[in-house]
Amino acid sequence: MRTWLRIFFVGGAISFRALFAWIRPAVYVPTLLLGPTAQVLFFAYLGRTAHLQSDSWFVIGNAVQSASSAALFGMGFAIDGERWTQTLSAVLATPANRAALFLGRGLPVLLNASVTSATGFVGGALLLGFRPPLSSIPGLALLVLLASFACTGLGMLTGAVGLRMRDVPIIANLSMAVLLIFCGVNVPLDKLPHWMHLAADGLPLTHAIAAARRVADGASLGSVTTSVLVELGLGFAYLLLGFALLRWFELEGRRHGTLERA
Amino acid sequence: MRHVRVFWTGFVLHFKNLSASPFMMMTAAIWPLVYATLAFLMFRATGQAPSLLYAALGAAVMGIWSTTATSAGGAIQQQRWYGILELLVGAPSPLILVLAPITVAIAAIGVYSIATTLLWGRLLFGVPVHIAHPLLFAVSIPAAVISIGMLGLVLASALVLYRAASAFSQALEYPIWLITGMLIPLSLLPVWVHPLAWALAPTWGMRAVRHAALGGDVGAPLLVCAGLTIAYGIIAVTLLQHFERLARDRATLSLT
């Protein structure tokens, strides 16, 4: 158990530091800290152009959604980066518990996604006057963490696909695009076509964003329990599916000798 | 004439090379569809927003800037990674003639975004594509592309010594979309932003494209766009000469 925890925490942290060339401040700040604020501003102004919703509505949607870029690219690179540094075979040759190995990589990604999302809120507060009630901030923080968890689960799934396909950035980009359109980030769900609305229910972010908007409007966290549980369930479902795919692709890769073929 | 040949050969080579890159094609062809879809859905939801063709054109030109922001800022860094930056600097052709075709080719593959966005809007959202001045539209598109490419060249030149140029350049994606009026009218932005927008050629390129398609004065924005494009060329040459000398002095040209 001690080894499991060591691989999970220490291994995950080292992998995060080692595999992310962009973790340097010169790259991290413009990409992951300024990006969410720029996104929040752009869509808030687009919302004003369309006379659609208030600035706060867009701040919440886009700030929470910005967790997805850190989570999807983070998990993608945490797995695919091993191939680029030609250490994938070595990592998979170890007897380390696979759950500790791969899930441990998700923890720093999850925390990073939450920080990224939080900067979107701070940007919205500084530049657009976003002022949720102080009592709602712990609830919002929890929902950001939850959305980051669900996105990390999806990132595990897309990262696993990256074990089979070459272009992880493309898969991550496409997943982000789907989340941006479908999850009620910038278009109210009731304004989307019915099939998109249905699809949104099965995606990460949809429920966390809806809950965050209600909490920011003054609702208690208890009143959004259903959304919280659904988002949590989706996060676990994507995480488990991603982990299962990782194991399957690992076994397939060993069988066909294609682990490094990318 | 030799300079034109160097530019053209470089442009064709890089255009073909970039067109074969799945990542660049996704940036050029898929992301503009995402933004166009969002804009269509948002504009259609209220009925108080500008027309859907306005949104389609804006999303299309956003795609041109996307490809530029994603890749042009790091164009020099890319040559550094390939290990050929020293060779390029040492070649008899001026460095500007080696670099400009790269950034203009990067912007030019954004032309795919215009085709896919207009087609997407027509097929999925029934956006009527009636171009008010087809000839001026055909002139405005390359003007906008070249102006955005030259802005990318200024970025690439200014970031020669900055190793994280690509990340910085990508961070400018949303701000340039925001302040150049691609989807959001300038009148909605704070007044202090306006002079900044006027100094950016894409503002005028976008205006020319939009007026050519929807009706309005095309000549004035086209002329301002051309003037700013030339100014960007001069700025890029000056910056490149300065930073090239600095990099040679410090022997840091090939350091990644």
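Predicted model: local features only at pLDDT ≥ 70, side-chain atom pairs only at ≥ 80, totals over all residues.
**Chain B as a whole**

Let's start with the overall build. Chain B has 13 helices and zero strands. How does the chain fill space? A compact globule of 256 residues would have a radius of gyration near 18 Å, and chain B, with 18 Å, agrees with that. Along the principal axes, the C-alpha atoms of chain B fill a box of roughly 60 × 35 × 35 Å. Of the 256 residues in chain B, 50% are buried. Now look at contacts in chain B between residues at least 6 apart in sequence: 81% of them join residues at least 24 apart.

**Where the two chains touch**

The contact between the chains takes 28 residues from chain B and 30 residues from chain A. On the side of chain B that touches chain A, α2 (22–46), α9 (165–171) and α10 (173–179) each supply at least two residues. Which helix gives the largest share? That's α2(B), with 13 residues. As for what kind of residues sit on this side of chain B, 24 are nonpolar, four are polar and none are charged.

**A helix pair in chain A**

Next, hop over to chain A. Two packed helices are described by the angle between their axes and the distance between the axes. For α3(A) and α10(A), the angle is about 140 degrees and the axes are 9 Å apart. The two helices are therefore oblique to each other, and their crossing is right-handed. On the α3(A) side, the contact is made by Ser56(A), Trp57(A), Ile60(A), Gly61(A) and Val64(A). The α10(A) side brings Ala208(A), Ile209(A), Ala212(A), Arg213(A) and Ala216(A). Sorted by type, the residues of this contact come out as seven nonpolar, two polar and one charged.

So how enclosed is α10(A)? Ten of its eleven residues are buried, so α10(A) is largely enclosed by the rest of the structure. Among the buried ones are Thr206(A), His207(A), Ala211(A) and Val215(A). What do they pack against? The buried residues of α10(A) pack against α3, α7 (137–164), α9 and α11 (225–256) of chain A.

| Residue | Phi | Source |
|---|---|---|
| His51(A) | about 55 degrees | not a glycine |
| Leu205(A) | near 85 degrees | not a glycine |
| Gly218(A) | near 110 degrees | follows α10(A) |

His51(A) lies in the loop between α2 (25–50) and α3 (55–65) of chain A. Is His51(A) buried or partly exposed? With 13 other C-beta atoms within 10 Å, His51(A) is partly exposed. Leu205(A) is found in another loop, between α9 (194–201) and α10 (206–216) of chain A. Leu205(A) counts as buried, because 28 C-beta neighbours lie inside 10 Å, and being buried takes 20 or more.

Definitions and conventions: Residues numbered from 1 in each chain as written. Chains lettered and ligands numbered in written order. Helix = DSSP H or I, 4+ residues; strand = E, 2+ residues; numbered from the N terminus. Rg over C-alpha atoms; globule rule 2.2 N^0.38 Å. Buried ≥ 20, exposed ≤ 12 C-beta atoms within 10 Å, placed from the backbone. Contact = placed C-beta atoms within 7 Å. Nonpolar A, V, L, I, M, F, W, Y, C, P; charged D, E, K, R; others polar. Axes fitted to C-alpha atoms, helices over the stretch in contact; angles between N-to-C directions. Parallel < 35°, antiparallel > 145°, perpendicular 65-115°, else oblique. Left-handed = near helix turned anticlockwise from the far one by under 90°.
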